[in-house]
Amino acid sequence: MPPRILQTSTEPAALLPDRFQAWFAARGWSPRAHQLALLEKAREDRSALLIAPTGAGKTLAGFLPTLVELSAQPLTRDAGAKKNLVSTGRSVQRSGGLHTLYISPLKALAVDIARNLERPIAEMGLPIKVETRTGDTPVSRRQRQRRYPPDVLLTTPEQLALLLSSDDAPFLFSSLKRIVLDELHALVTSKRGDLLSLGLARLWRLAPQMRAIGLSATVAEPEQLARFLVPQPDGKERAADIVVAGGAAPPVVEMLDTRERLPWAGHSARHALPEIYELIKANKTTLVFVNTRSQAEMLFQNLWSMNDDGLAIALHHGSLDVAQRRKVEDAMSAGRLRGVVCTSSLDLGVDWGDVDLVVNIGAPKGSSRLMQRIGRANHRLDEASRAVLVPANRFEVLECRVAIDAIAENAQDTPPLRTGALDVLAQHVLGCACGEPFFSDELYGEVRTAAPYAELPRQDFDDVVDFVASGGYALKTYERFARIKQDKEGRWRVANPKVRQSYRMNVGTIVEDDMLKVRLVRSRGGGTGSTGVIARGGRLLGEIEEAFIEGLSPGDTFVFSGEVVRYETLVEDQVYVSRAHDKDPKVPSYMGGKFPLSTYLAERVRRLLDNGRAWGGLPEQVRDWLSLQKDVSQVPAVRELLVESFPRANKHYLVCYPFEGRLAHQTLGMLLTRRLERARARPLGFVANEYAVAIWGLGDLSFMIRDGWIDLNALFDPDMLGDDLEAWLAESALMKRTFRNCAIISGLIARRHTGEEKSRRQVLFSTDLVYDVLRKHQADHVLLRAARADAATGLLDLRRLGDMLMRIHGRITHRELDHVSPLAVPVMLEIGRESVYGEAADELLAEAADELVKEAMDRSG
Amino acid sequence: MRVSRVTISDVTFAADLSGALFWDEQRLLVVSDLHLEKGSSFATRGVLLPPYDTIATLGRLAAVISRHDPRVVIALGDSFHDRSAHERLSAEDRDAVAALQSGRDWIWISGNHDPMLPRDLGGTVADEVAIGPITFRHEPTGAYGEIAGHLHPKARVSARGRSMERRCFASDGMRAVMPAFGAYAGGLSIRDAAFAKIFPQNGFVAHLLGDRRVHAIAASRCY
């Protein structure tokens, strides 16, 4: 789409009342074109999507129509004075609800925006009341807000869902004129977006006059995003008007031209530490983005160890204790910090003032994502943001190179609009019943006005309602325990008040991993594994995923909260660690990055590799590496899949280069291993990174391929997504985790709340067991369908894997080599560093048992 | 299939992958903590877990019974998830239980979840049973020769940053705690203090239920 530089047909003077013009003038500003454009859209009673970079005065643009409209209302507006009771014949109706709703993905952002709005309102003396409502708002104030709502309420998708399920919803929302959706590009990529879309559908019914303004960073498909903002008519597509703000100076992005040797693998960028340190030193305030918490921990620790100048450098990521994060944020706002090492925890939101450089460590993953990060530097439009990309290994150099090219072309790779999830729909259906009884036909029609649910089949909707009512089981034994029941007219209503209460406790779509509190205590020293008494208490360092701790044995060391710590023991939900003196933690990472390489950048990397003439833009070391690959094997061609096989140290390896990201590669590795096992190729394990998959085994893979025992086209046939996938899904831990999330979001089981952690002695039931039983006895149950849909795009990335297999079908190039190829080195180096996937329980258990035998033999010998 | 053995107080049992113990000489099969109708028990409180757990548990029980064809079956307590669970059994489930009981002795041992066992489901009801050197009771006391359930032992083993958790038998050769058999029965880590009370020497072994065999691993290696 060509950028739509906007033109307003109306004169600014006609759009902006005198008071506003004077206010702009007094500050030495003039209203920006897109701000006026939104005013005009409001006047024309149109919904609009504003696409603008950070620093473009986006928020003010979103609120100007509201401020202008409300500035005309009578000056005196005491709480409650305007609330009139109006007789509607049969009953009494209240008037005086909300005028404008503002929805933000972050509660901190809502609070920050409220503060920013107070200023123009106070300075212009506008009779407008603005309030926030988040999970932190005191109960008394929340109750008052429901009785005496402000003009403008700033809140989150979850709070909106809660308000919609309350008796006050018709009063609060029927007068609504506008909804402003901030950071819409970020909201719509998750289930929170699904929940929000359903909330919007409800609002369109309660307040047909309501118009929406979406505020978004640049996205790949603005027309699709614009559909989100208006009710979708049956069988057709409708979209809001799109307003694109122009005028941002293009960012200046470069790749760190390191003086050091570029590592073959790893994500720590340790080679570039002194250079990163120099960058921080040379700038006023630098944001250093990394992709995972463990990288943040590691980098922060390393920077501190070389901080001879005593620079104020801080650490910020989602697992740190909230108080600690606030402290960093405050110091940052006050301009007291020279550098902050952070994860995506700082991708969005609150304005940080004078950040003059963004450093991005490691792979950028996606061009849009990188552009948004870079936008965090310098929130003034007319000045270019500056960023330095620091690749942590040779492959990442390629990724950084194509990301810089993509940014120069302003090429976006945000994901397409979601298909609404069924577990979120289940939550919404229960919420609707909590509000007021509904007819299935009516609610189905309403739900389909939400863009993500526009194509929802009736059968799915009915299955969801059946699930909400009595579990949706083929075995109809729960009718008497139903949560919602149909009355004589056929309306669904909540069966008892407890249902309403449990809905309120479980609203929302963010399922935290099970988190454990990490406390620092003094080491007990001595051997590992004994459950001796440990001093309770200890300083709270933050929280960590239970799954990570489960992979550790007592005595293992890892980095947390900027220090190397030693895992001591786990008591209930507390992990006790002590300070370790090792320099290198034994367990290097947790989980790995959340975001896989985008399809778009992957495609560009493949093209770059295939085009030798474009290698000129790469560092010499990388050019040499690729040239060597060309000599020894070959460079993967754009439309083909390169497969190499070679022996090494009594084992045989098979390496392929799909470039489809770690998640899809893990799934691929798992499925290929199963197939090779069946072909009696005796595979032992595999490892996956963002670019490649390496499988090794005892059988001579080269010979088997040459001999026709293994047919590569058959091995990589898309039919692996059939039975093999089914068999694997039955036992996959990732699938079980996906199922658990769906079970929680759909309301099948309650999420755990802090303060009522399950005691480890009293595990009530495990969703893994529920998954096993449900899968065997009702494989088409709506929750399993929901989990499967998640698996397509989530942790298993099945859709992407499927697309790749189709793309390369019949286009496999095999190279039989004597040695490991240069291109294979990075993934080979991950062996032993990354956890080896494969869920063969018996092998792992046997290994543990053998170790025991060996120990015993050693002792006796 | 390799048969794993667990010796308790000089009696050798076959440890079945399903979590049952079989005493060949006596042709006696023990299973513990079936927790039948746990799903519907939650349903009464508004948590609508899939109502297939009883079918699943009885199906697995039928399989292990047909593998060993025991003369005696002991259900070692907590066979029913709550006091009225047996009333919620479907007619089909009752028939299934009757079929399993036919041609053999069946002993329901009472547990804390089912202190008042139904009299209309066949079999004999007892608080504990002693056969030779072995005593079968629900709650472990640590006594010599005791086979108990109640604790739902499970163990986790880790290697190279990944880990695996399975139900297990816990035994030090003198006494044993059996894993829960029920489809929805959760587990308690064998590193919990409750196990230290039963195995005072701390030198017990976890017999983990793998996919194809049972693995004996020292409890000190698990957590």
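How many of the eight residues of helix α7 (residues 157-164) of chain A are buried? Eight of the eight are, so helix α7 of chain A is largely enclosed by the rest of the structure. The structure discussed here is a predicted model, and in chain A the pLDDT averages 85, with 85% of the residues scoring at least 70.

**Overall make-up of the chains**

- Chain A contains 33 helices and 27 strands, and of its 861 residues 47% are buried.
- When contacts in chain A between residues at least 6 apart in sequence are considered, 75% of them join residues at least 24 apart.
- Chain B contains five helices and 16 strands; its radius of gyration is 17 Å, close to the 17 Å that the globule rule gives for 223 residues, so chain B is as compact as a globular protein of that length.
- The C-alpha trace of chain B spans about 45 × 40 × 35 Å along its principal axes, and buried residues account for 52% of the 223 residues in this chain.
- Of the contacts in chain B between residues at least 6 apart in sequence, 68% join residues at least 24 apart.

**The seven-stranded sheet of chain A**

- In chain A, seven strands make up an open sheet with parallel pairing, and their order is β5-β6-β4-β7-β8-β1-β9.
- At the edges of this sheet stand β5 (130-133) and β9 (241-244) of chain A, each of which pairs on one side only, and neighbouring strands are turned by 20° against each other on average, with direction ignored.
- Within the sheet, strand β4 (residues 100-103) of chain A pairs with strand β6 (residues 152-155) of chain A in the parallel sense over four bridges, and A:T100 has A:V152 as its bridge partner in β6 of chain A.
- Helix α3 (residues 33-43) of chain A packs on the sheet, where it touches β1 (48-51), β8 (211-216) and β9 of chain A, and its direction makes about 165° with that of β9.
- Helix α4 (residues 58-71) of chain A also packs on the sheet, touching β1, β4, β6, β7 (178-181) and β8 of chain A, and its direction makes about 175° with that of β7.

**Enclosed elements and the nonpolar core**

- The buried residues of helix α7 of chain A include A:P157, A:E158 and A:Q159, together with A:L160, A:A161, A:L162, A:L163 and A:L164.
- Strand β15 (residues 386-390) of chain A has four of its five residues buried, so this strand is largely enclosed by the rest of the structure.
- Strand β10 (residues 252-255) of chain A runs parallel to β15 of chain A and is joined to it by four bridges, with A:V253 standing opposite A:A387.
- Strand β14 (residues 357-361) of chain A likewise pairs with β15 of chain A in the parallel sense over four bridges, and here the bridge partner of A:V359 is A:V388.
- The largest nonpolar core has 305 residues, and those with the most contacts inside it are A:L50, A:V288, A:A694 and B:V30; the element that gives the most to this core is helix α17 (residues 422-435) of chain A, with nine residues.

- Most residues other than glycine have a negative phi.
- A:R680, which is not a glycine, has a positive phi near 55°; this residue lies in the loop between α24 (662-678) and β25 (683-688) of chain A.
- A:R680 counts as exposed because 10 other C-beta atoms lie within 10 Å, and the cut-off for an exposed residue is 12 or fewer.
- B:H35, also a residue other than glycine, has a positive phi near 50° and is placed in the loop between β4 (28-31) and α1 (38-43) of chain B.
- B:H35 counts as buried because it has 29 C-beta neighbours inside 10 Å, where the cut-off for a buried residue is 20 or more.

Technical notes. Residues are numbered from 1 along each chain as its sequence is written. Chains are lettered from A and ligands numbered from 1 in the order in which they are written. This is a predicted model: local features need pLDDT of at least 70, side-chain atom pairs count only at pLDDT 80 or more; totals for chains, interfaces and linings use all residues. Helices (H or I, at least four residues) and strands (E, at least two) are DSSP runs, numbered from the N terminus. Two strands pair if DSSP finds at least two bridges between them. Axes are lines fitted to C-alpha atoms, for helices over the stretch in contact, and angles run from 0 to 180 degrees between N-to-C directions. Two residues are in contact if their C-beta atoms, placed from the backbone, lie within 7 Å. A nonpolar core is a set of buried Ala, Val, Leu, Ile, Met, Phe, Trp, Tyr and Cys residues joined through C-beta atoms within 7 Å. The radius of gyration is taken over C-alpha atoms; the globule rule is 2.2 Å times the number of residues to the power 0.38. pLDDT is the predictor's confidence in each residue, from 0 to 100.
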